[in-house]
Amino acid sequence: MELMAPCHFGMESVLKKEITDLGYDVTEVADGRVTFTGDWEALCRANIGLRTAERILLKVGSFHAESFEELFQGTRNLPWEDYIPVDGRFWVTKAASVKSKLFSPSDIQSIMKKAMVERLKGVYGISWFQETGADFPVRVFLYKDEVSVTLDTTGESLHKRGYRKLSAKAPIAENLAAGLIMLTPWHGDRILVDPFCGSGTIPIEAALMAAHMAPGMHRSFLSQSWTHLLAKRVWDDAYEEAREEVSLDDCGDIQGYDIDPKMVEIARANAKAAGVEELIHFQARPVSALSHSKKYGFIITNPPYGERLEDKETLPALYRELWNRYQSLDSWSLYFITSLEDVEKTLGRKADKNRKIYNGMIKTYYYQYLGPKPPRKSRGENPERRD
């Protein structure tokens with residue numbers, strides 16, 4: 001089968017590596033999505049194991065359409081009966097169009113639903129569908145008049161791991177936080193500090209990685225109800241594989257600070273829900289108090305953007321304070337994401353790397369200041385731990 005995994009714009013290369021590491025062949029990388037081939041086991045393992053994907057889509061088919069009649073006929077020609085049973089509940093939940101003659105989402109959704117009904121009426125020999133069974137939401141992408149039609153196997157977005165019961169005003173999405181970490185050389189036995197941790201998403205995602213905990217191992221997925229296609233045993237095996245991968249051997253020093261004590265309590269509660277509360281040290285502390293005695297650590301953080309004009313006036317001083325504290329640390333690396341475009345001028349130094357990433361609809365920049373690599377540890381040496 002062809003499976004598609006949407007992601008944040010700018011995270012395609014990270015997601016591609018994740019899919020390859022799972023053992024599947026990537027067939028296409030496009031803006032905001034990666035396509036790969038796999039079987040039903042791959043569908044389960046991808047939903048449970050991918051950290052940077054938004055969802056896993058099963059490709060039903062594709063065709064060319066420049067008119068609504070072509071859209072109707074192309075949709076009706078797809079083998080919907082291979083997926084949707086007679087009692088299935090089906091609808092077009094999202095239509096996206098780029099550089100195509102057909103661009104009205106509501107019209108695309110309505111016409112495709114009618115075409116699906118016409119197809120299934122002929123196959124099942126009925127004129128009315130009760131739609132009381134499992135859900136089969138359809139997602140369609142039109143690009144230069146080429147229509148790609150998919151079924152959503154995930155349901156609630158993959159960034160919703162299930163642990164974030166409470167959040168900050170502007171929390172970073174879990175899959176974006178994971179992607180930011182994966183864009184760095186950090187690994188579980190290294191030091192990681194987030195001085196603007198908010199509800200704790202970056203430290204929690206780091207702890208999940210360090211412990212080899214699959215992000216979806218404690219949640220369910222929409223396609224688990226597709227029992228006519230996907231046996232429960234396949235899901236059970238995928239969950240069991242994820243549980244067997246968990247290991248605390250690589251867990252080192254992960255810390256999260258926030259100036260607001262209430263946010264620190266929220267972060268601790270979220271870490272407990274994720275099962276990693278013992279792996280993270282949270283503390284109420286301003287960025288001006290950021291310090292560490294060890295070398296070769298990582299600051300990975302999502303500082304305030306200041307979307308309001310009055311907030312933006314105070315931000316340069318905040319970023320300079322972060323920069324000053326970073327410079328006081330020996331051989332550390334600094335990674336932060338922000339929508340501010342003139343941060344390098346504020347800090348007085350150009351970033352070693354700068355990556356454009358879309359955080360929802362906000363264009364952001366991932367500034368990367370790289371520290372030196374640590375010397376290789378001798379075999380059997382214990383990883384550095386928090387003082």
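Predicted model: local features only at pLDDT ≥ 70, side-chain atom pairs only at ≥ 80, totals over all residues.
In helix H2, the residues Ala-42, Leu-43, Cys-44, Arg-45, Ala-46, Asn-47 and Ile-48 are buried.

The secondary structure of the protein consists of eleven helices and 14 strands. With a radius of gyration of 23 Å, close to the 21 Å that the globule rule gives for 387 residues, the protein is as compact as a globular protein of that length. The C-alpha trace spans about 75 × 45 × 35 Å along its principal axes. Of the 387 residues, 52% count as buried. The accessible surface comes to about 18,200 Å², and carbon and sulfur atoms account for 49% of it. Among contacts between residues at least 6 apart in sequence, 76% join residues that are at least 24 apart. As for charge, there are 51 positive and 55 negative side chains, and the centres of the two sets lie 3 Å apart.

Aromatic rings come next. A pair of such rings is described by the distance of the centres and the angle of the planes. The count for this protein comes to 14 aromatic pairs. One of them joins Phe-9 and Tyr-358 in an edge-to-face arrangement, with 6.2 Å from centre to centre and 75° between the planes. This pair links distant parts of the chain, 349 residues apart: Phe-9 sits in the loop between strand S1 (2–6) and helix H1 (12–22), and Tyr-358 belongs to strand S13 (residues 353–359). Phe-9 counts as partly exposed, at 42% relative accessibility. Tyr-358 is partly exposed too, with a relative accessible area of 32%.

Tyr-335 and Tyr-366 form another aromatic pair, this one tilted, with the centres 6.0 Å apart and 35° between the planes. Tyr-335 lies in strand S12 (residues 333–338) and Tyr-366 in strand S14 (residues 362–369), so the pair ties together parts that are 31 residues apart in sequence. Both of these tyrosines, Tyr-335 and Tyr-366, are buried. Ring pairs also build a cluster, which links Tyr-319, Trp-323, Tyr-326, Phe-336, Tyr-365, Tyr-367 and Tyr-369.

Ser-148 is found in strand S7, which covers residues 146–152. Its relative accessible area is 14%, and because the limit for a buried residue is under 20%, Ser-148 counts as buried. Leaving out residues up to four places away in sequence, Ser-148 touches Lys-59, Gly-61, Ser-62, Arg-139, Val-140 and Phe-141.

Glu-174 lies in helix H5 (residues 174–182). This glutamate is buried, at 4% relative accessibility. Apart from neighbours within four places in sequence, Glu-174 is in contact with His-159, Lys-160, Arg-161, Tyr-163, Arg-164, Thr-201 and Glu-205. Gln-130, by comparison, is 44 residues from Glu-174 in sequence, and the two are 37 Å apart in space, C-alpha to C-alpha.

Technical notes: Residues numbered from 1 in each chain as written. Heavy atoms only, no water. Helix = DSSP H or I, 4+ residues; strand = E, 2+ residues; numbered from the N terminus. Rg over C-alpha atoms; globule rule 2.2 N^0.38 Å. Buried < 20%, exposed > 50% of the residue type's maximum accessible area, 1.4 Å probe, protein only. Contact = heavy atoms within 4.5 Å. Areas by Shrake-Rupley, 256 points an atom, 1.4 Å probe, with all protein chains shown as cover. Lys, Arg positive; Asp, Glu negative; His and termini not counted. Charge placed at Lys NZ, Arg CZ, Asp CG, Glu CD. Phe/Tyr/Trp six-rings, centres within 6.5 Å; stacked < 30°, edge-to-face > 60°.
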